[in-house]
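This report describes how the parts of one protein chain are arranged and how they meet one another. Please keep the sequence and the structure in view while reading.

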Amino acid sequence: MTSNPLLAPLSELINYRSIKAEHIVPALDHLLAETRKSIDEIVEKTQQPTWDNFIAPLEYDSACLWRAWSVAGHLNAVVNTAELRDAYNIM
């Protein structure tokens, strides 16, 4: 998965030119699974939810997913090839 530009660390900029339609589904599937796992862990260990122990960790742990989906949406809006549209619609 490390060769998938949609999985770049948050500390790095996304290289839009290197993203291909075939990157979208695997990246988002991976990030959805990771985010679901994180949500389950946060819910399991949080007895009294607060901003600091529930919302902040949730925001942090889902940031990669939101970024990848935002990039996919942007590309779908400005490039909109049949392959990109199909991958976007699958997700």
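Two rings of Phe, Tyr or Trp, the six-membered ring being used for Trp, form an aromatic pair if their centres lie within 6.5 Å, and planes under 30 degrees apart count as stacked. In this model, which is predicted, a search of the whole structure finds 1 aromatic pair. The partners are Trp69 and Tyr88, and their rings are stacked, with 4.7 Å centre to centre and 5° between the planes. The pair connects distant parts of the chain, since Trp69 belongs to helix α2 (residues 51–78) and Tyr88 to helix α3 (residues 82–90), 19 residues apart. Trp69 counts as partly exposed because its relative accessibility is 26%. Tyr88, with 22% relative accessibility, also counts as partly exposed.

**The overall arrangement**

The protein contains 3 helices and 0 strands, and its elements follow the order α-α-α from the N terminus. Its C-alpha trace spans about 45 × 25 × 20 Å along the principal axes. Of its 91 residues, 29% count as buried. Among contacts between residues at least 6 apart in sequence, 53% join residues at least 24 apart.

**Helix α1 and its partners**

At 1.5 Å a residue, the 25 residues of α1 should span 36 Å, and the end C-alpha atoms of α1 are 37 Å apart, which agrees. The buried residues of α1 include Ala21, Ile24, Leu28, Leu31, Thr35 and Ile42. These buried residues of α1 pack against α2 and α3. Two packed helices are described by the angle between their axes and the distance between the axes. The table gives both values for the two partners of α1.

| Helices | Angle between axes | Distance between axes |
|---|---|---|
| α1 and α2 | about 170° | 10 Å |
| α1 and α3 | about 10° | 8 Å |

How are the directions of these helices related? Helix α1 (residues 21–45) packs with α2 at an angle of about 170°. An angle over 145 degrees counts as roughly antiparallel, so α1 is roughly antiparallel to α2. The angle of α1 with α3 is about 10°. This makes α1 roughly parallel to α3.

The residues that meet can also be named. In the contact of α1 with α2, the residues from α1 include Ile24, Leu28, Leu31 and Ile42, while those from α2 include Phe54, Leu58, Leu65 and Trp69. By class, this contact of α1 with α2 has 15 nonpolar, 4 polar and 1 charged residues. Trp69, a member of the aromatic pair, is thus also one of the α2 residues that meet α1. The contact of α1 with α3 has 6 nonpolar, no polar and 1 charged residues.

Is Asn76 buried or exposed? Asn76 has a place in helix α2, and it counts as buried because its relative accessibility is 13%. Apart from neighbours within four places in sequence, Asn76 is in contact with Leu84, Arg85 and Tyr88.

Asn15 lies in the segment before α1. With a relative accessible area of 43%, Asn15 is partly exposed. Asn15 and Pro5 are 10 residues apart in sequence, and their C-alpha atoms are 6.5 Å apart in space.

Technical notes:
Residues are numbered from 1 along each chain as its sequence is written. This is a predicted model: local features need pLDDT of at least 70, side-chain atom pairs count only at pLDDT 80 or more; totals for chains, interfaces and linings use all residues. Side-chain values use heavy atoms; hydrogens and water are left out. Rings of Phe, Tyr and Trp (its six-membered ring) pair if their centres lie within 6.5 Å; planes under 30 degrees apart count as stacked, over 60 as edge-to-face and the rest as tilted. Helices (H or I, at least four residues) and strands (E, at least two) are DSSP runs, numbered from the N terminus. Buried means under 20% relative accessible area, exposed over 50%, partly exposed in between (1.4 Å probe, protein chains only). Axes are lines fitted to C-alpha atoms, for helices over the stretch in contact, and angles run from 0 to 180 degrees between N-to-C directions. Angles under 35 degrees count as roughly parallel, over 145 as roughly antiparallel, 65 to 115 as roughly perpendicular and the rest as oblique. Contact means heavy atoms within 4.5 Å. Ala, Val, Leu, Ile, Met, Phe, Trp, Tyr, Cys and Pro count as nonpolar, Asp, Glu, Lys and Arg as charged, and the others, Gly among them, as polar. The expected span of a helix is 1.5 Å times one less than its number of residues.
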